[in-house]
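Subject: Structure handover

Hello,

Here is the structure for you to look over. My notes follow below it.

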Amino acid sequence: MEGKTVVVTGANQGIGKASALALARRGARVILVARNHAKGQAALDEIRAASPAQQGDLVVADLASSADVRRAAAEIRARTGRLDVLLNNAGVYVPERHTTVDGVEETFAVNHLAPFLLTHELLDLLKASAPSRVVTVSSEAHRGARMQWDDVQFASHRYRGFKVYGQSKLANVLFTYELARRLQGTGVTANALHPGVIASGFGQTYPGALAVVTRLAKPFLLSSEQGARTSVYLASSPEVEGMTGQYFSKSRPVRSSAVSYDEAAQRKLWALSVELVRAHAHAA
Ligand SMILES: NC(=O)c1ccc[n+]([C@@H]2O[C@H](COP(=O)([O-])OP(=O)(O)OC[C@H]3O[C@@H](n4cnc5c(N)ncnc54)[C@H](OP(=O)(O)O)[C@@H]3O)[C@@H](O)[C@H]2O)c1
């Protein structure tokens, strides 16, 4: 990864930090995106200590805000003339319905709209740096999920954390497949992945049943370093050069859920996402 630049979102802890650390150790310049300055700086200090040749960078942005996502992209473009890998890793589990400053349901906003918008804002840079890669961290939770098209933000339907989270992770796969198709011939690939079941900070953002279960289950789960392996593989391995539009688990391409291959659904999500991010651009 010498000479390559990688952006990692949600890089201050968990799988994102472990991925950034591993990629910096392989020689990449890493640009961390974190919403909390102190936590982001602590992660950057750790990465600098582990790989002194790589100074890295920190961009502070709350991905729940589309204005912040746009500002983060502008900051990244100002700091680097090339981008080899965008690792859309940040994600959240929200047990009760919350809305963002844009008025969007938080899970859909952070887990899907933020990577959708950040990828768009950085696409010219990725294309200019081709061959380059967009890697998006989904989850096996996408299986069994469906898009609730009449109410993707669960405004009128009963809000259930797992259902909403599963839908957002299905959206990651649908987005990846549509993106891969649209990027054919550009040299930019797009793949999604499941990291494993990992003892990270996942589920701890808000109190709730999942926060308790993940704390109790911690000794039996994989480490963040293990959880970073497939992300690091997709970001750095020559084996996946040119491979696009696939879903990976344990560093191998596997089939994602049947509904994720529905091209009409992929296009529908794309159109809906464009509409939502445009609406917020006008409101800002
Ligand atoms: N852990 C698992 O078992 C598992 C399984 C399947 C998939 N995943 C996926 O793996 C990815 C990484 O999760 P993790 O397990 O490493 O969990 P984590 O330790 O909770 O890390 C999530 C990261 O996302 C950041 N984030 C959340 N909301 C944000 C926002 N509004 N703006 C900016 N950053 C935000 C968090 O920042 P803060 O520290 O500021 O909250 C944190 O850095 C997620 O996409 C998750 O869905 C995890």
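**Phe-154 and other backbone points**

Phe-154 is partly exposed, with 18 other C-beta atoms within 10 Å. The scale is this: a residue is buried if 20 or more other C-beta atoms lie within 10 Å of its own, exposed if 12 or fewer, and partly exposed in between, with C-beta atoms placed from the backbone.

Before going on, two notes on the source. This is a predicted model: local features need pLDDT of at least 70, side-chain atom pairs count only at pLDDT 80 or more, and totals for chains, interfaces and linings use all residues. Residues are numbered from 1 along each chain as its sequence is written.

Phe-154 is not a glycine, yet its phi is positive, about 50°. It sits in the loop between E5 and helix H5 (161-182). Helices (H or I, at least four residues) and strands (E, at least two) are DSSP runs, numbered from the N terminus.

Lys-250 also has a positive phi, near 50°, and is a residue other than glycine. Its loop runs between strand E7 (246-249) and strand E8 (252-254). Lys-250 is exposed, with 12 other C-beta atoms within 10 Å.

There is a cis peptide bond too. It goes from Ala-130 to Pro-131, with omega near 5°. Pro-131 lies in the loop between helix H4 (106-128) and strand E5 (132-137). For context, most residues other than glycine have a negative phi, and most peptide bonds are trans.

**Overall build**

The protein has 9 helices and 8 strands. Its radius of gyration is 17 Å, close to the 19 Å that the globule rule gives for 284 residues, so it is as compact as a globular protein of that length. The radius is taken over C-alpha atoms, and the rule is 2.2 Å times the number of residues to the power 0.38. The C-alpha trace spans about 50 × 45 × 40 Å along its principal axes. Buried residues make up 51% of the 284.

How many of the 22 residues of H5 are buried? The count is 17, so H5 is largely enclosed by the rest of the structure.

The largest nonpolar core has 82 residues; Leu-23, Val-30 and Leu-32 touch the most other members. H4 gives the most to this core, with 12 residues. A nonpolar core is a set of buried Ala, Val, Leu, Ile, Met, Phe, Trp, Tyr and Cys residues joined through C-beta atoms within 7 Å.

Two residues are in contact if their C-beta atoms, placed from the backbone, lie within 7 Å.

**His-194**

His-194 lies in strand E6 (residues 188-194). With 22 C-beta neighbours inside 10 Å, His-194 counts as buried. Leaving aside neighbours within four places in sequence, its contacts are Ser-138, Ser-139, Glu-140 and Ser-249. His-194 and Tyr-247 are 53 residues apart in sequence, but 7.7 Å apart in space, C-alpha to C-alpha.

**Ligand shell**

Which residues come nearest to the ligand? Of the 28 around it, they are Gly-10, Gly-14, Gly-91, Ser-200 and Gly-201. A residue is near a molecule if its C-beta atom, placed from the backbone, lies within 6 Å of it. Helix H1 (residues 14-25) gives the largest share of the shell, 3 residues.

Best wishes
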